Amino acid sequence: QVQLVESGGGLVQAGVSLRLACAASGGRVSDRTTGWFRQPPGKEREFVAAINRRAGSTIYADSVKGRFTISRDNAKNSVYLQMNSLKPEDTAVYYCAAGLLGGIDYGTRESDYRYWGQGTQVTVSS
């Protein structure tokens, strides 16, 4: 029902900023939990950030806390990930995700989400 399309990835130098966008269709991001995950080369997919469907509060992985910010624009039905002070270890395919209408308000596990985008590559050079 929900389709998610990420954009904004690219090749950047360490220390700079990048903003990822996730455009949703077939469902409202305001009606469900949304989040970002990433998969570094050769590693498992890991949680990055999530936003609460009710209150808009946010949670972050320790590795990105203070550098990344998740946000939501209900009018555009999109979620964003502002990434500052990028490091080479941030290199990964970044995925946005959305939960079910009747699901939890937000979560940090992959199993908390039902719908997934196809990912956008972020590469940070030293």
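Begin by selecting Arg45 and Tyr95: Arg45 lies over the face of Tyr95, at 4.9 Å from the ring centre. A charge is taken to sit over a ring if NZ of Lys or CZ of Arg is within 6 Å of the ring centre and within 35 degrees of the ring normal. The model is predicted, with local features requiring pLDDT of at least 70 and side-chain atom pairs counted only at pLDDT 80 or more, while totals for chains, interfaces and linings use all residues. Residues are numbered from 1 along each chain as its sequence is written, and side-chain values use heavy atoms, with hydrogens and water left out.

Next, select Arg19 and Tyr80. The charged end of Arg19 sits over the ring of Tyr80, 4.2 Å from the ring centre.

**The four-stranded sheet**

Strands here are DSSP runs (E, at least two residues; helices are H or I, at least four), numbered from the N terminus. Four strands form an open sheet in the order β1-β3-β8-β7, with antiparallel pairing; two strands pair if DSSP finds at least two bridges between them. Its edge strands are β1 (3-7) and β7 (68-73), each of which pairs on one side only. From one strand to the next, the twist averages 15 degrees, where axes are lines fitted to C-alpha atoms (for helices over the stretch in contact) and angles run from 0 to 180 degrees between N-to-C directions.

Select β3 together with β8 (residues 78-83): the two run antiparallel and are joined by six bridges. Leu20 has Leu81 in β8 as its bridge partner.

Then move to β7 and β8, which pair in the antiparallel sense over six bridges. Asp73 is bridged to Ser78 in β8. The two strands form a hairpin with four residues between them, and Asn77 in the turn has a positive phi of about 55 degrees.

**The disulfide**

Select Cys22 and Cys96. How far apart are their sulfur atoms? The two cysteines form a disulfide with the sulfur atoms 2.0 Å apart, the criterion being a pair of cysteine sulfur atoms within 2.5 Å. The structure holds one disulfide. The link of Cys22 and Cys96 is right-handed, with 60 degrees about the S-S bond. It links distant parts of the chain, as Cys22 belongs to strand β3 (residues 18-25) and Cys96 to strand β9 (residues 92-98), 74 residues apart. Cys22 is buried at 2% relative accessibility, and Cys96 is buried at 0%; buried means under 20% relative accessible area, exposed over 50%, and partly exposed in between (1.4 Å probe, protein chains only).

**The aromatic cluster**

Select Phe37, Phe47, Tyr113 and Trp116, which form one aromatic cluster. The structure holds four aromatic pairs, where rings of Phe, Tyr and Trp (its six-membered ring) pair if their centres lie within 6.5 Å, planes under 30 degrees apart being stacked, over 60 edge-to-face and the rest tilted. Phe37 and Tyr113 form an edge-to-face pair, 5.4 Å centre to centre with 80 degrees between the planes. Phe37 lies in strand β4 (residues 34-39) and Tyr113 in the loop between β9 and β10 (115-116), so the pair ties together parts that are 76 residues apart in sequence. Phe37 is buried at 2% relative accessibility, and Tyr113 is buried at 6%.

**A loop residue**

Finally, select Asn52 in the loop between β5 (46-51) and β6 (58-60). Is Asn52 buried or exposed? Its relative accessible area is 9%, so Asn52 counts as buried. Leaving aside residues up to four places away in sequence, Asn52 touches Ser57, Arg72, Asp105 and Tyr106, contact meaning heavy atoms within 4.5 Å.
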